[in-house]
Amino acid sequence: MRFLARRLGFYLLTAWAAITLNFLIPRLMPGDPVELLVARMKGNVEPAAIDAMRKAFGISDASLWQQYVDYLVNLSHGELGRSITFYPTEVSTVIADSLPWTIGLVGVATLISYLIGTALGVIMAWKRGTWLDGVLPAATFMHAVPYFWVALALVFVFGVTLQWFPVSRAYGLDVTPGFNAEFVQSVLYHAALPAITIVVASMADRILGMRNVMVTTLGEDYVVMAEAKGLTSRRVMWAYAARNAILPNITSFALSLGFVVGGSVLTEIVFSYPGIGSMLLKGVENEDFPLMQGIFLVISLAVLVANFLADLAYVVLDPRTRQESE
Amino acid sequence: MRRPVSRIAAMAATLALALAGCSGGGGGGGAAKSGDAPPLVVHAVDAGTFQEDFNPYHLEGVNFGTSGMIHETLMFFNKLKPGEITPWLALEHEWSDKGKSVTFTLRQNVKWSDGKPFTADDVAFTFDMLKKHPQLNKSALEIEGTEVLAPDKVRIDFAATSYAKLYDIAGNSPIVPKHIWEKEKDPATFTNPKPVGTGPYTLSKFSAQLYELVKNPSYWQPGKPEVPVVRFPAYTANALQTALQQGEVDWAGAFVPDIDKIYVQGKPEQNKYFFPPEGLVTLLPNLTHPVLGKPEVRQAISLAIDREKIVRIAERDYTKVAHPSGVTMPGGEAYVPEEYRDAAYKVDIEKAKELLKGIDPAQLTFELLVPSPYTDWVNAAQLIREDLAKVGITVETRGVAFQDWVSKVGKGDYDLSIRGTPAGPTPYFQLRSLLYGKLAKPVGESSTGNYERWKDEETDKLIAEYAATEDLAEQQKATQGLAKIMIEKLPALPLFYSPSWAQFRTNKYVGWPSEQDPYAMPSPYTSPDAAMVLLRLKPAGT
């Protein structure tokens with residue numbers, strides 16, 4: 001229990017630091033949102049109108065400290081303010097509208113990539129020295145190639161040239177959003193290509209990671225012991241070697257789960273997917289402080305929660321941490 | 001101006017498309033209902049998703065079409081023919097009290113789309129609302145009050161002479177229905193999800209990826225519009241390039257990198273485009289700089305720059321070299337002094353060198369600040385650097401983030417920069433924004449115009465003269481004075497016009513604006529012009 005309490009304390013401190021940085025970083029950017037708006041707007045803008053805009057957007061000249069206090073007070077009520085880009089929509093609405101798309105696409109794709117990648121890693125370690133080793137250079141290649149390049153290449157081949165898959169948006173224009181078969185089908189169809197690119201691009205990491213740890217584990221005495229006892233090779237592979245080798249992979253999985261929320265900017269841009277990454281890009285382009293803050297907050301909290309879950313999983317999986325905590 | 005990241009995305013998409021060659025062709029813009037004219041698919045602004053916002057007074061985030069197609073203005077100002085004004089909801093206007101009051105006589109028998117009659121009360125309500133909620137008053141109209149004189153007559157009073165604001169009052173303030181909006185506690189945050197307007201269209205469908213406008217059956221112009229349905233799907237800049245290539249979109253306003261290959265596809269009679277000027281891109285010298293403050297230095301810089309080459313190479317010939325006065329040509333002739341109407345730039349390296357003789361060459365080193373996401377301007381800056389090197393001026397081009405550029409130019413923290421100025425309803429607005437002394441704040445404070453910080457009594461006097469009269473000839477005379485200052489004193493150096501993007505396909509509808517018939521801005525993202533275009537469209541082959 002002490003272990004968990006200590007971790008919890010650590011997370012609270014980190015959350016506070018994240019919230020504070022979250023407040024500071026957007027304000028360190030040059031310029032202000034209204035100036036940007038004026039630069040982008042096509043009409044002539046009068047100085048008096050600019051003051052009115054500042055007022056409307058709630059941009060204050062109050063001291064940084066005062067703004068910080070206001071920010072914390074609002075946050076404690078769960079108020080994230082109104083977005084400037086999508087004024088007058090509340091930031092919480094923007095996030096609530098876009099988050100499900102991101103979690104649905106990137107979350108599921110990450111899970112698939114993790115499961116397939118880990119399993120492949122285990123099998124490849126077990127059958128090392130066979131033709132399966134030929135997959136390694138390919139995996140190393142995929143590991144090194146920038147993600148968006150893979151995505152663009154797939155869009156070009158399967159979307160533009162062969163026209164097998166739609167290349168943008170989350171569902172077809174002809175379907176009405178709602179819980180009906182047509183809509184669900186359209187969503188799945190539109191998610192297929194982006195999901196495949198995520199799986200392909202991120203699976204390599206899992207394969208390599210799992211295989212390397214697995215190879216080391218296979219040299220351990222208890223594996224030799226298990227084999228000597230005459231257990232089936234399947235049992236040795238999964239229950240003895242893989243169970244021990246999976247620990248580092250759990251950590252990286254938990255981390256990548258946390259980044260599901262934030263790490264999808266490129267996927268969403270390439271596929272024009274209406275998730276949180278596209279919103280973040282919009283927010284940054286327009287110096288939309290409230291929106292950026294809201295999204296960063298969600299991302300940092302997601303990373304923290306995922307880490308905490310990883311800690312819990314460790315306690316379950318690794319008896320050594322349990323001993324320490326007693 | 002286009003959004004910065006859009007261009008990068010567009011480049012990426014083009015890369016993919018260029019590799020693909022022209023594989024598209026399928027797609028189609030949605031099936032037509034039998035016996036009915038087909039829907040028109042429009043892309044106005046880049047958006048991944050739409051928010052349900054139809055409040056015409058919101059600055060951004062409001063869905064395109066709200067102003068013009070749903071909510072109409074009192075008059076229509078054709079920006080491509082300065083001075084051409086069409087009566088719309090108002091038939092007449094009359095100034096009184098030295099330009100501090102204007103009385104509008106309204107069109108009768110106009111109905112809101114819910115059947116209620118449109119009256120002077122609605123106009124008065126709209127302007128009272130702007131007065132009460134300065135956040136919505138984006139043109140900063142100094143409204144004092146309104147008075148309904150008759151069901152079809154309304155007077156609006158202003159705190160100051162407002163002749164020059166007629167465009168903002170009558171051409172840029174969409175009228176909203178009193179009987180619906182008066183129930184809203186805070187019109188500033190009201191999103192008007194079920195808009196009721198007097199315009200040719202009403203909202204029929206909204207989702208985050210698509211909204212649709214349908215013909216208003218009780219529209220006051222009988223038989224119009226002939227386009228029954230207008231669809232707005234959400235396209236990001238990236239996705240739009242593919243959509244244009246595949247022919248999914250009928251009317252778009254987008255920067256297309258290689259337009260012949262991606263969009264025209266060998267069918268110039270069907271896949272048309274028209275890029276008229278909507279503003280002026282100038283090379284801004286910071287006049288508070290001791291060397292750039294000297295007129296002969298600016299003259300020399302202007303003589304050395306090969307603008308034709310910039311338009312050809314950096315702007316892909318999508319636009320034209322600007323008139324030396326900065327006034328948009330053709331269209332703005334009446335606003336330029338007679339002796340300068342045919343003026344044009346000519347490169348003269350010898351004369352430029354001559355002008356720079358008295359200046360220490362060591363002082364002729366400047367930094368040229370450009371926003372790096374605007375790749376065309378970055379290219380233009382490189383060309384300018386090469387040209388100026390020929391006359392002994394060293395230019396360092398520096399690309400910075402868009403935000404940084406906005407902030408530095410606003411505060412006057414630069415030597416040379418490039419910036420666009422919107423054209424406005426007449427050339428006066430553009431020149432005012434470029435030259436008006438009151439807009440220039442001291443270096444270190446953000447200005448909202450006159451970024452080069454031109455201070456000149458004569459200029460300010462001419463600007464005041466224009467604003468103090470409603471007489472067109474006198475307004476033109478004052479603007480001619482400003483044009484003369486531009487040409488003779490070179491407070492800012494015009495380069496080329498910033499184009500307004502418009503791609504339209506004629507396979508479903510014809511009657512689009514053209515160079516021969518510039519009846520409105522052709523871009524789908526200009527309001528209320530886009531509504532004017534829709535009202536002129538006719539089904540192809542009829």
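A residue is called buried here if 20 or more other C-beta atoms lie within 10 Å of its own, exposed if 12 or fewer do, and partly exposed in between. The model described is a predicted one. By this criterion, buried residues make up 38% of the 326 residues in chain A, and 54% of the 542 residues in chain B.

**The two chains**

The table sets out overall values for each chain.

| Chain | Secondary structure | C-alpha span along principal axes | Contacts joining residues at least 24 apart, among those at least 6 apart in sequence |
|---|---|---|---|
| Chain A | 14 helices, zero strands | about 85 × 60 × 40 Å | 73% |
| Chain B | 15 helices, 20 strands | about 75 × 65 × 40 Å | 71% |

For chain B, the radius of gyration is 24 Å, which agrees with the value near 24 Å that a compact globule of 542 residues would have.

**A helix pair in chain A**

Chain A contains helices and no strands. Two of its helices, α8 (residues 181-218) and α10 (residues 233-260), have axes that come within 9 Å and cross at roughly 145°. The crossing of α8(A) with α10(A) is right-handed. On the side of α8(A), the contact involves R206(A), G209(A), M210(A), V213(A), M214(A), T217(A) and L218(A). The partners on α10(A) are A241(A), A242(A), N244(A), A245(A), P248(A), N249(A) and S252(A). Sorted by class, eight residues of this contact are nonpolar, five are polar and one is charged.

**An open sheet in chain B**

In chain B, seven strands form an open sheet with mixed pairing, in the order β8-β9-β10-β1-β11-β18-β12. The edges are taken by β8 (201-207) and β12 (271-273) of chain B; each has a single partner strand, so one side of each is left without a neighbour in the sheet.

Two residues lie between β8(B) and β9(B), and the two strands form a hairpin. Within this pairing, T202(B) stands opposite V214(B) of β9(B). The strand β9(B) is in turn joined by five bridges to β10 (residues 229-233) of chain B, and these two strands run antiparallel. Here L210(B) has P233(B) of β10(B) as its bridge partner.

N271(B) is bridged to R505(B) in β18(B).

How many of the nine residues of α12(B) are buried? Nine of the nine are, so α12(B) is largely enclosed by the rest of the structure. Among them are Y428(B), F429(B) and R432(B). The buried residues of α12(B) pack against β13 (277-285), β16 (416-422), α13 and α14 (472-489) of chain B.

The loop between α12 (427-435) and α13 (457-467) of chain B holds R453(B). R453(B) counts as buried because it has 21 C-beta neighbours inside 10 Å. Apart from its neighbours within four places in sequence, R453(B) is in contact with N286(B), L287(B), T288(B), G412(B) and A440(B). R453(B) and A492(B) are 39 residues apart along the chain, and their C-alpha atoms are separated by 9.7 Å.

**Backbone exceptions in chain B**

Most residues other than glycine have a negative phi, and most peptide bonds are trans. Several places in chain B depart from this pattern, as follows.

N450(B), which is not a glycine, has a positive phi of about 45°. N450(B) also lies in the loop between α12 and α13 of chain B, and it is buried, with 25 other C-beta atoms within 10 Å. R316(B) likewise has a positive phi, near 55°. The place of R316(B) is the loop between α8 and α9 of chain B; with 17 other C-beta atoms within 10 Å, R316(B) is partly exposed.

One joins M329(B) and P330(B), with omega about -5°, and P330(B) lies in the loop between α8 (307-313) and α9 (349-355) of chain B. Another runs from K224(B) to P225(B), with omega near -5°, and P225(B) is located in the loop between β9 and β10 of chain B.

Terms used
Residues numbered from 1 in each chain as written. Chains lettered and ligands numbered in written order. Predicted model: local features only at pLDDT ≥ 70, side-chain atom pairs only at ≥ 80, totals over all residues. Axes fitted to C-alpha atoms, helices over the stretch in contact; angles between N-to-C directions. Helix = DSSP H or I, 4+ residues; strand = E, 2+ residues; numbered from the N terminus. Left-handed = near helix turned anticlockwise from the far one by under 90°. Contact = placed C-beta atoms within 7 Å. Nonpolar A, V, L, I, M, F, W, Y, C, P; charged D, E, K, R; others polar. Pairing = 2+ DSSP bridges. Rg over C-alpha atoms; globule rule 2.2 N^0.38 Å.
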